[in-house]
Amino acid sequence: MISADKALHKLKEGNRRFVGVTSTRGVLETHLDHIRVVREQKPFAIILGCSDSRVPAELVFHCGLGELFVIRVAGNLVAPSQIGSIEYACQQFDTELVVVMGHSNCGAIRVTVDALLAEDRPVSPNLKSIVERIAPAVAPAVSNHSDASHDELIGIAVNANIQHSVRRLSEKSMILRNLVEAGRLKIVGAEYSLDTGEVVFLDD
Ligand SMILES: [Zn+2]
């Protein structure tokens, strides 16, 4: 199995190719060049990303089938089923890297920030459960940046939510925490830009 550092390098290289390709020829065409149907999977990275239709992990990291284990949920939040999926992948495939990937202008973050500002929660209990999971991550950003513009606030909140999800994975999972402490797992945050297609890793 490849190390977390090598996996991180592969993702960065893949995103560089993606950004290059989008500015030259059709990304899907190029992506399909190297996709083969595979029966077995050996994901070198686990991605917890947002469901947003503009941020498919395999495409933005220019990866083929079987290379990434992807969990997508609005606002890349951490709830038991996301944690369970990641624990499964770590144990099953010995994958050493987890990336929590948020993105600019995230709708789930926007809805949560607006709910906090207006103290007006969504009506659907299901949507409300998403907002309530994201709210603790972004509430400090909202109260500490009262002078920021609305768009700036969303940007700050997106970043805060990514970092919150990274922390929560270790806090809420003994399995993941033990793997991190044993040096067998890295959990990192990243932000995808809808404007440029670039992924910025938060530790860089
Ligand atoms: Zn989103």
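Which residues of H5 meet which residues of H7? The views below come from a predicted model, in which local features need pLDDT of at least 70, side-chain atom pairs count only at pLDDT 80 or more, and totals for chains, interfaces and linings use all residues. Residues are numbered from 1 along each chain as its sequence is written, and side-chain values use heavy atoms, with hydrogens and water left out.

**View 1. Helices H5 and H7 pack against each other at about 110°.** Let us start with the opening question. On the H5 side, Ile 109, Arg 110, Val 113, Asp 114 and Leu 117 meet His 150, Asp 151, Leu 153, Ile 154, Ala 157, Val 158 and Asn 161 of H7; contact here means heavy atoms within 4.5 Å. Helices (H or I, at least four residues) and strands (E, at least two) are DSSP runs, numbered from the N terminus. Two packed helices are described by the angle between their axes and the distance between the axes. For H5 and H7 (residues 150-172), the axes are 10 Å apart and the angle is about 110°, which makes H5 roughly perpendicular to H7. Axes are lines fitted to C-alpha atoms, for helices over the stretch in contact, and angles run from 0 to 180 degrees between N-to-C directions. Angles under 35 degrees count as roughly parallel, over 145 as roughly antiparallel, 65 to 115 as roughly perpendicular and the rest as oblique. The crossing of H5 and H7 is right-handed. A crossing is left-handed if the near helix is turned anticlockwise from the far one by less than a right angle, and right-handed if clockwise.

**View 2. Helix H8 packs with H7 and with H4.** H7 and H8 (residues 174-181) have axes 5 Å apart, at an angle of about 100°, and that makes H7 roughly perpendicular to H8. Leu 169, Ser 170, Glu 171 and Lys 172 of H7 make this contact with Met 174, Leu 176, Arg 177 and Val 180 of H8. Turning to H4 and H8, their axes come within 9 Å and cross at roughly 45°, so H4 is oblique to H8. This crossing is left-handed. Here the contact is made by Ile 86, Glu 87, Cys 90 and Gln 91 of H4 and by Ile 175, Leu 176 and Leu 179 of H8.

**View 3. A zinc ion is coordinated by two cysteines and a histidine.** Cys 50 (SG), His 103 (NE2) and Cys 106 (SG) coordinate the zinc ion at 2.1 to 2.3 Å. Donors are N, O and S atoms within 2.8 Å of the metal (3.2 Å for Na, K and Ca); water is not among the atoms, so sites may look incomplete. Along the chain, the donors of the zinc ion follow the spacing C-x52-H-x2-C. Cys 50 sits in the loop between strand E1 (45-49) and helix H3 (57-60), and Cys 106 in the loop between strand E3 (97-103) and helix H5 (107-118), so the pair ties together parts that are 56 residues apart in sequence. Cys 50 and Cys 106 are both buried, where buried means under 20% relative accessible area, exposed over 50%, and partly exposed in between (1.4 Å probe, protein chains only).

**View 4. Phe 44 and Lys 10 touch each other.** Phe 44 lies in the loop between helix H2 (27-33) and E1, and its relative accessible area of 4% makes it buried. Leaving aside neighbours within four places in sequence, the residues in contact with Phe 44 include Ile 2, Leu 11, Cys 63, Leu 68 and Leu 97. Glu 67 is 23 residues from Phe 44 in sequence and 5.8 Å away in space, C-alpha to C-alpha. Lys 10, found in helix H1 (residues 4-22), is partly exposed, with a relative accessible area of 38%. Not counting residues up to four places away in sequence, Lys 10 touches Ile 2, Phe 44 and Glu 67.

**View 5. Asn 76 and Asn 105 have positive phi values.** Most residues other than glycine have a negative phi. Asn 76 has a phi of about 35° and lies in the loop between E2 and helix H4 (80-93). Asn 76 is buried, at 2% relative accessible area. Phi of Asn 105 is near 55°; Asn 105 lies in the loop between E3 and H5 and is partly exposed at 40%.
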